[in-house]
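Okay, thanks everyone for coming.

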Amino acid sequence: MVSVKADHFSLEQIHMSGQCFRMSRLEKAGEGKDASLTNAGTYEVIAGRRYLQVTQQGEDCVFHCSDGDFEYFWKIYFDLENDYKAYISRINPRDSYLLAAAELGRGIRILRQDLWEMIVSFLISQQNNIPRIRRCIENICRGYGERMTAPGGEEYFGFPEPKALAGLEEDALMGCNLGYRSKYVVRAARSVASGELDLDRVREMSCGRAREELLKLFGVGEKVADCICLFALHHLDAFPVDTHISQALAVHYKKGFPNRRYRGFRGVMQQYIFYYELHSHI
DNA sequence: GCGCAGGTAGAGT
DNA sequence: ACTCTACCTGCG
């Protein structure tokens with residue numbers, strides 16, 4: 001168990017920001033509606049083959065893991081060392097829209113998630129909704145991932161390795177409710193398993209080169225490539241434009257988003273806008 | 001029943 | 001270089 005003070009950090013907001021599809025609030029007796037009001041709760045997070053329970057009450061976070069796992073994995077995963085207040089302070093004081101978005105989502109962090117898992121997750125995300133994306137990924141893990149037991153005894157499924165999916169028929173994952181995205185995932189698994197796409201090399205690449213490389217995958221377009229760059233490779237300048245962002249830009253940034261001003265951390269601003277568009281709606 | 005949900009590939013101008 | 005459309009599925 002590791003206890004830390006985490007100022008302006010919110011598991012709930014990270015959960016609701018829709019960047020991580022294997023994070024869920026654990027329903028415990030006695031934690032009803034009140035819990036969300038005080039920003040308190042316990043979440044279960046599965047990342048690749050790892051499992052974590054983490055509890056937050058206000059600024060106090062308790063990670064239910066060893067010191068080593070916290071220091072060398074989860075602290076990095078949650079980007080706890082990064083100063084997001086510094087990003088927010090760079091917002092144009094006259095941009096009331098972005099100020100409001102950042103204020104609402106100030107507890108968001110850009111996670112450092114597994115590359116392969118993000119490739120699959122965002123292949124599935126296209127023309128889809130978040131609840132179903134979660135179900136699709138859970139189905140894939142249950143069907144093809146390894147059954148694991150956490151130190152605390154919890155049973156869960158790790159995310160399947162490329163090898164485990166590469167041998168499937170292209171439409172096999174329709175059984176996991178992926179629909180037409182099945183062939184995208186199977187073909188991506190083949191590309192990685194065959195070495196055609198070297199994930200370790202992609203990790204070493206610049207944002208632009210990584211994006212270029214990811215775009216070669218069947219089913220990966222600009223938006224999905226940007227999501228992978230942002231949520232797996234932690235290229236904070238990546239700025240995925242989906243339907244929500246596109247609409248927000250059309251309303252609030254008719255002259256275009258101020259890319260110059262936010263260069264280097266545009267992806268953080270993207271998340272504030274995305275979160276705001278999804279969760280501030282009246 | 002119909003449109004939409006964190007888009008993309010492929011065909012047609 | 002654009003614009004248009006089909007595409008699985010489930011929820012309002």
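So, which residues of α9 are buried? Keep in mind as you look that this is a predicted model. Going along the helix, the buried ones are Ser182, Tyr184, Val185, Val186, Ala188, Ala189 and Val192.

As for α9 itself, it runs over residues 182–193, so to speak, 12 residues in total. From the first C-alpha to the last the helix reaches 16 Å, close to the 16 Å you'd expect at 1.5 Å a residue. Then, just past the end of α9, look at Gly195: its phi is positive, about 90 degrees.

Okay, zooming out to the whole of chain A. We've got 14 helices and 7 strands here. The radius of gyration is 19 Å, close to the 19 Å from the globule rule for 282 residues, so chain A is as compact as a globular protein of that length. If you want the box, the C-alpha atoms fill roughly 55 × 50 × 35 Å along the principal axes. Of the 282 residues, 37% count as buried. And taking contacts between residues at least 6 apart in sequence, 62% join residues at least 24 apart.

Last thing, the DNA. Which residues surround DNA strand C? They are Gln127, Arg132, Met174, Asn177, Gly179 and Tyr180.

Definitions and conventions
Residues numbered from 1 in each chain as written. Chains lettered and ligands numbered in written order. Predicted model: local features only at pLDDT ≥ 70, side-chain atom pairs only at ≥ 80, totals over all residues. Near = placed C-beta within 6 Å. Helix = DSSP H or I, 4+ residues; strand = E, 2+ residues; numbered from the N terminus. Rg over C-alpha atoms; globule rule 2.2 N^0.38 Å. Buried ≥ 20, exposed ≤ 12 C-beta atoms within 10 Å, placed from the backbone. Contact = placed C-beta atoms within 7 Å. Expected span 1.5 Å × (residues − 1).
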